Amino acid sequence: MGAWVDIKRILRYGLVGFFRNGFVSLAAVLILTITLFVIASLMIAGAALSTTLEQLTEKVDVNVYFITDAPEEEVLTMKASLETLPEVASVEYVSREEAIERFRERHKNDQLTLQALDELEDNPLGASLAIRAKETNQYENIAAYLETLQQSSIDGAGSIIDKVNFFQNKTVIDRLTDIIDTSRNLGIAIAVFLGLASVLIAFNTIRLAIYTSRDEIGVMKLVGAGHWYVRGPFVISGVLYGLISAIIVLIILYPISLWMGPASERFFGTFNTFSYYTESFAFIFLVVVAVGILIGALSSYLAVRRYLKQ
Amino acid sequence: MIYFDKVTKLYNGSAPAIENITLSIDPGEFVSIVGHSGAGKTTLLKMLFAEETPTEGDVYFGSQNMRDFTEKEIIDLRRNIGTVFQDFRLLPTKNVYENIAFAMEAAGRGDDDIVADVPHVLDLVDLGEKMWSFPKELSGGEQQRIAIARAIVNQPDVLIADEPTGNLDPINTYEVVQILKKINDLGTTVLLTTHNKGVVDSVGRRVVTMDQGRIIRDDNSGKYSL
C-alpha cells in the first residue's frame, strides 16, 4: 500500500466531497470570491494611488538660478557635487541659451514680451539647475545644503548662485509632502483593515462549513482513519474553493476594469485600470490564486484539526 | 485478551461513571453488558477504543497497557476493533459502498481487496442490493446492518456494539442479534451493551450486569435480571 494510493483516494474524496456538499461549497466559494475581489481591488487601488503620487512627486523640483556671468564649468562642478548627495534623484542643467529658448517658446504668442527681449543686447537669463529629490520631504535638506554653499564661500562656488526658489515653493512642497504621506498611510491602513476583515470572514465561513462535518470526522477517526486521511479531503476541498473563487474574480475583473478604465484615467491622470490589469495580469493572477488557495487550505486544515483533537 | 484492572472514571466533579471495575474478557467470547442508562456501560466501551482514558486503574488490550499507546497505535487499535452504535454513525455524504470502502481504505487495504470484499460483506448482512444507496435512503434497520458490515469488513478481533438495537423495531432487533451471533461464531469477540431483555435472553451467553458504575453480577450463561 503506497502513499500514492492514499493520495489518489484523498484527492478523489476531496473532489467528490466538494460536489456532494454543494450548498456548503457554494457558500464558501461566494465568500472567498468576495474576499479575493476585495484583495484584488485593493491591489489595483494601491497601484493607482502610488502611480499618482509618483507623478505628483515628479512635478516637484527645486531650481537654482545662477548669475548671468557664472562660468559654465563652475555650474557643472556644482551639478556634479549635487549629484553625489544621497537625497538627490536627478539634476538637470539648463544653459543660458536653453533658458532663452524656453522663454521664447513659452511666450511665442506674446509679441510685446518678445519685442522687449529683442531690445536687449545681451541674454538676460542665467543658467539654472533643476534638482529632483527622491522624496519630497528631502527638499528641505537640499535647499539647506545650497544655502550653506551660497553663504560659506563668497568667492567660491556659492557666489555664482543668484537665487534658490525652494523658499517660494516651500509651503506648496510641504503641503504636498503631507498629502502624499497621509494618503499613503491611509491607503495602507485601509488595505490592511479590509484585507484582514475579509480574510477572517472567509476563514470563519470555511470553519462553519466543516463544523457541519464534525460528526463525520468523529466517525472517520472511529474506523481508524489516520489524521491526514481525515484531513486531506477537506484540505483538497478548501484548495478547490480558493482556486474556483480566484478564477471567478479574475474573470469578473476583466469587464469591470475595462469599464472603469476611462473614468480612472480622467480621475488619476494617466492611470488606467484596464491597462494595469492586462499588463500586471501575471502578478495579479499569482497573488489572487495563491491567497485563495492559502485561505482555503489553511482554514480547512485548522478547522479539521479542532475536531481531530477531540 | 481484554482486561480491566481496578478501573475508575471520573468526569469533572460528578459521581464516578464507573468505579473500581475489574473485568476479564477472553478471545471469542460474546459478552452482553446490561444495566440502566447511566450505569457506565458506554464509558466502559469507550475506554476500549481509546476515546476515554481511565482516571485510575489500567486497561490492557492483548498484553499491552492502553495508557502506553502512541497516537499511531491508537489508530491501529481502532482498525482492529469494529464499532456499532445506537445512532449508526454512517458517513452521510458517502453511499453504502463508500462507507464500507472507507473503513478498508483507512486500514490501508488495496483497491482489489475493496472491490472483492465490500459486496461480500454486504451479502453477509443481506443488503447487497442497497450498495449504491445513501444512508438517508435506508431504514434504521438497514442502516444498522450497514454499520455492522463496516465494523466487520476489516476482520477485527473485537466487535463493540453499543446499544445497537436501541433504535430498532423487534424484527430488525432480532436480525441484528442474529448477525452478531454469526460474527461471533466466526471467531470475533463481541461486546454488546443493551437494556433490552429480549436481546440478552436470545443471545444466552455471558452477561455482565452493571449498576451505578459497578459490576453487580457476572453470569456465564445469563439471563437479563435487574
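In β4(B), Phe61(B) is the bridge partner of Ile2(B), and in β2(B) Ile25(B) stands opposite Ile2(B). The model is predicted: local features need pLDDT of at least 70, side-chain atom pairs count only at pLDDT 80 or more, and totals for chains, interfaces and linings use all residues. Residues are numbered from 1 along each chain as its sequence is written, with chains lettered from A and ligands numbered from 1 in the order in which they are written.

| Strand pair | Sense | Bridges |
|---|---|---|
| β1(B), residues 2–9, with β2(B), residues 18–25 | antiparallel | 5 bridges |
| β1(B) with β4(B), residues 56–61 | antiparallel | 5 bridges |

Strands pair if DSSP finds at least two bridges between them; helices (H or I, at least four residues) and strands (E, at least two) are DSSP runs, numbered from the N terminus.

The largest nonpolar core has 110 residues, and Ile100(B) is among those with the most contacts inside it. A second, separate core of 20 residues includes Tyr139(A) and Leu149(A). A nonpolar core is a set of buried Ala, Val, Leu, Ile, Met, Phe, Trp, Tyr and Cys residues joined through C-beta atoms within 7 Å. A residue is buried if 20 or more other C-beta atoms lie within 10 Å of its own, exposed if 12 or fewer, and partly exposed in between, with C-beta atoms placed from the backbone.

In chain A, helices α2(A) (residues 22–59) and α11(A) (residues 281–309) pack at an angle of about 145°, their axes 10 Å apart. Axes are lines fitted to C-alpha atoms, for helices over the stretch in contact, and angles run from 0 to 180 degrees between N-to-C directions.
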